[in-house]
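Here is my note for you on this structure. Have a look at the sequence and the model first, then read the points.

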Amino acid sequence: MPERPLVFGILNVTPDSFSDGGRFADPDAAVRQGLRLVADGADWVDIGGESTRPGAGRVAAEEEQRRVLPVVAALAEQGVRVSIDTMNADTARAALAAGAGIVNDVSGGLADPAMPEVVASARVPFVVMHWRGHSAAMSARAVYDDVVLEVRDELAARVQALIDQGIAADRIVLDPGIGFAKESEHNWRVLAGLGALQELGHPLLVGVSRKRFLGGLPSLSGAEDPAARDLPTAVTSALLALQGVWAVRVHDVAGTAAALDVVDAWRGVPA
Ligand code: PMM
């Protein structure tokens, strides 16, 4: 029986993320939100300082670090397990020094050639997401013959390159990159085809939370508020638990915790 997935609570310390941009730009508000995510059941708090929403421009590494480092340090000091969501090696290095324990790179080490070395020498888990280019360019790259096989093969190539660059295979976590260079139908096909990615032999982290493709569900038509996508996100978490994924990355941790409780109860796992 697969284990209950870990829950990564999302903490975007940005003015412009698509669903929570601006709410936690102030460090005190961000720290409070991080503690709330943990109280709601997050195993890790995933802190990011650069929005990757479709079409977004890049943020200078100095600005990214100004946003995230005080929050990483304050939460780590309070015993919170922190993952740093960054494409910049310098930011990853500084966040690890401030107490982060996982590097989550949506580019899987492609955006900054210095990233693999930082992760290899820190000996921490590395979340490697399927990525075809920065946000400004990615929608033009959402072209596939067979999205499941192409995502699988592109991730397999990343794994080999990262192992060649000194990262231990057992520290590599893979992520299909829902919403990154993918149209709605691609996202659904990838979710239905996760078994093919699991054949690569690495734990999977999946992030669907509040993403635009969920807004295309018939029951959500006309709902403008991204929080309306929290219920379908939680349902997806339950389905991903049945699929045996290692972790889910969500905004509404309480909703996903309830969904995972249902899966545990269904399976007879003692509370
Ligand atoms: N999605 C976003 C940001 N970081 N990291 C991983 N590993 N997987 C994702 O799917 C992912 C990510 C964009 O969503 P957000 O703006 O809600 O954080």
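This is a predicted model: local features need pLDDT of at least 70, side-chain atom pairs count only at pLDDT 80 or more; totals for chains, interfaces and linings use all residues.

1. Residues are numbered from 1 along each chain as its sequence is written, and side-chain values use heavy atoms, with hydrogens and water left out.

2. Start with the ligand. There are 16 residues around it, and Asp-85, Asn-104, Asp-175, Lys-211 and Arg-249 come nearest (a residue is near if one of its heavy atoms lies within 4 Å). By class, this shell has seven nonpolar, five polar and four charged residues. Here Ala, Val, Leu, Ile, Met, Phe, Trp, Tyr, Cys and Pro count as nonpolar, Asp, Glu, Lys and Arg as charged, and the others, Gly among them, as polar. Strands β1 (6–12) and β5 (126–129) each give the shell at least two residues; strands are DSSP runs of E with at least two residues, helices are runs of H or I with at least four, and both are numbered from the N terminus.

3. Now the polar atoms. A side-chain N or O atom of Asp-175 is 2.6 Å from a nitrogen atom of the ligand, and a polar side-chain atom of Arg-249 is 2.7 Å from a ligand oxygen atom. Gly-207 uses its backbone instead, with a polar atom 3.4 Å from an oxygen atom of the ligand. How much of the ligand's own accessible area does the protein cover? It covers 97% of 410 Å² (Shrake-Rupley method, 1.4 Å probe).

4. Next, look at helix α9, residues 230–243. Its 14 residues reach 20 Å from first C-alpha to last, close to the 20 Å expected at 1.5 Å a residue (the expected span is 1.5 Å times one less than the number of residues). Its buried residues include Pro-232, Ala-234 and Leu-240, where buried means under 20% relative accessible area, exposed over 50%, and partly exposed in between, with a 1.4 Å probe and protein chains only. Among the elements covering them are α7 (184–192) and α10 (253–267), with contact meaning heavy atoms within 4.5 Å. Just after α9, Gly-244 takes a positive phi of about 85 degrees.

5. Finally, compare two residues. Asp-264 sits in helix α10 and is buried, at 14% relative accessible area. Pro-203 is in the loop between α8 and β7 and is partly exposed, at 32%.

Terms used
A polar contact is a pair of N or O atoms within 3.5 Å; within protein, one must be able to donate a hydrogen and the other to accept it, and residues adjacent in sequence count only if both atoms are side-chain atoms.
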